[in-house]
Amino acid sequence: MSLLEVDGLATHFRLRGRPRRVVRAVDGVSFTVAPGELLALVGESGSGKTTTAQSVLRMTDPTAGTVRFAGQDITGLSRRRLKPVRRRMQVVFQDPYESLDPRFRIGRSVAEPLAVHGVGTRAERRDLVLAALERAGLSPAAAFAERYPHELSGGQRQRAAIAAALVLEPELLVADEPVSMLDVSVRAGVLALFDELRAAGLGILMITHDLSTTAAHADRIAVMYLGRIVEEGPAAEVIANPVHPYTRALVAAVPRAGEERRPIPIKAGEPPDPAAIPAGCRFHPRCPVARDECRRDDPALAVVSGAHRAACPVNLAPAVPTEEEQCAPSRPR
Ligand SMILES: Nc1ncnc2c1ncn2[C@@H]1O[C@H](COP(=O)(O)OP(=O)(O)OP(=O)(O)O)[C@@H](O)[C@H]1O
Ligand code: SF4
Ligand SMILES: [Mg+2]
């Protein structure tokens, strides 16, 4: 059974002022995360990744759809009934200072979630904090517990924030761009920690705009564009055989050895605006292979092969054989 099941999730923001504008930040996404699985939600800035994560965690209330956690529909739960569920799903932010108070020693910040949920005695909390710091790769834990956030390196600070997320022994970790503020040299270490955590059974929803850091660490990838998932599937399969032109562009933008960045090779034009989503296929204004029908029809995800799905009927359609191919004699086997 899936740990997290998200079905038809939409989160729209109504902006004040005239004319009334509705930001369709998340516009109908469905996905699952199983125990011990890392699903990477990939997409450009503004595609709705953070809003999806916040809606799953009920930090933002969704407009439509359902979020089920361990079989329970949590979409409409009151704050009081949500609290025991939130304990089982924790979050790591891009900026570790979201979880670490600069005025407090690391040990106190990591103990904070235990205090909020009333877990253990003082001595038990101390043991749990040290165990979480060790698990997050900060050893010797007792020494790190005494330090202040500014005394740690960037990578160590993010590990401390991860320890604060792990201290309650959650089943699901939602990590929003957990390595994008880190030096390239320490990213691999933090991602290796995610590998260890998922091997130990933790389900992880990892949000990133960077396909290259994701590829080796995700079981599955879901690519988001303007509030929708436009392609999803096993990570290796999506990277090796991308079908949607947007995924193809993201794959083409993965930097080669020695490169820091590579531009995404699609029409720039107007930046995509979730308050003015184009009719038809929402990618058509930037799509290099758009056809007339793409301005009219809004494609749904369809099977490429196995669990690999994409929302581009144009690239999914089997190639029509040319007249020459049709007439050519079949080759001897
Ligand atoms: N509270 C809000 N009110 C209005 N618009 C919002 C709100 N939160 C997010 N948005 C808009 O929703 C869209 C999606 O934002 P979101 O932060 O989810 O994107 P993202 O994929 O996480 O981007 P990034 O990579 O920059 O973090 C953006 O256009 C953003 O401006
Ligand atoms: S459906 Fe059309 S516009 Fe959309 S991605 Fe496919 S070819 Fe491009
Ligand atoms: Mg974001």
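## Helix H3 against helix H4

In this predicted model, the axes of H3 and helix H4 (residues 122-135) come within 9 Å and cross at roughly 115 degrees. Axes are lines fitted to C-alpha atoms over the stretch in contact, with angles running from 0 to 180 degrees between N-to-C directions; helices are DSSP runs (H or I, at least four residues), numbered from the N terminus. H3 and H4 are therefore roughly perpendicular (65 to 115 degrees). The crossing is right-handed, that is, the near helix is turned clockwise from the far one by less than a right angle.

Contact (heavy atoms within 4.5 Å) involves Ile106, Gly107, Val110, Ala111, Leu114 and Ala115 of H3 and Arg125, Leu128, Val129, Ala132 and Leu133 of H4. These residues comprise 9 nonpolar, 1 polar and 1 charged; Ala, Val, Leu, Ile, Met, Phe, Trp, Tyr, Cys and Pro count as nonpolar, Asp, Glu, Lys and Arg as charged, and the others, Gly among them, as polar.

## Helix H3 against helix H6

H3 (residues 106-116) also packs with H6 (residues 154-166), at an angle of about 30 degrees and with the axes 7 Å apart. That makes the two helices roughly parallel (under 35 degrees). Their crossing is right-handed.

On H3, Ile106, Ser109, Val110 and Pro113 meet Ala160, Ala163 and Ala164 of H6. This contact has 6 nonpolar, 1 polar and no charged residues.

## Basis of the values

Residues are numbered from 1 along each chain as its sequence is written, and chains are lettered from A and ligands numbered from 1 in the order written. Local features need pLDDT of at least 70, side-chain atom pairs count only at pLDDT 80 or more, totals for chains, interfaces and linings use all residues, and side-chain values use heavy atoms, leaving out hydrogens and water.

Terms used
Angles under 35 degrees count as roughly parallel, over 145 as roughly antiparallel, 65 to 115 as roughly perpendicular and the rest as oblique.
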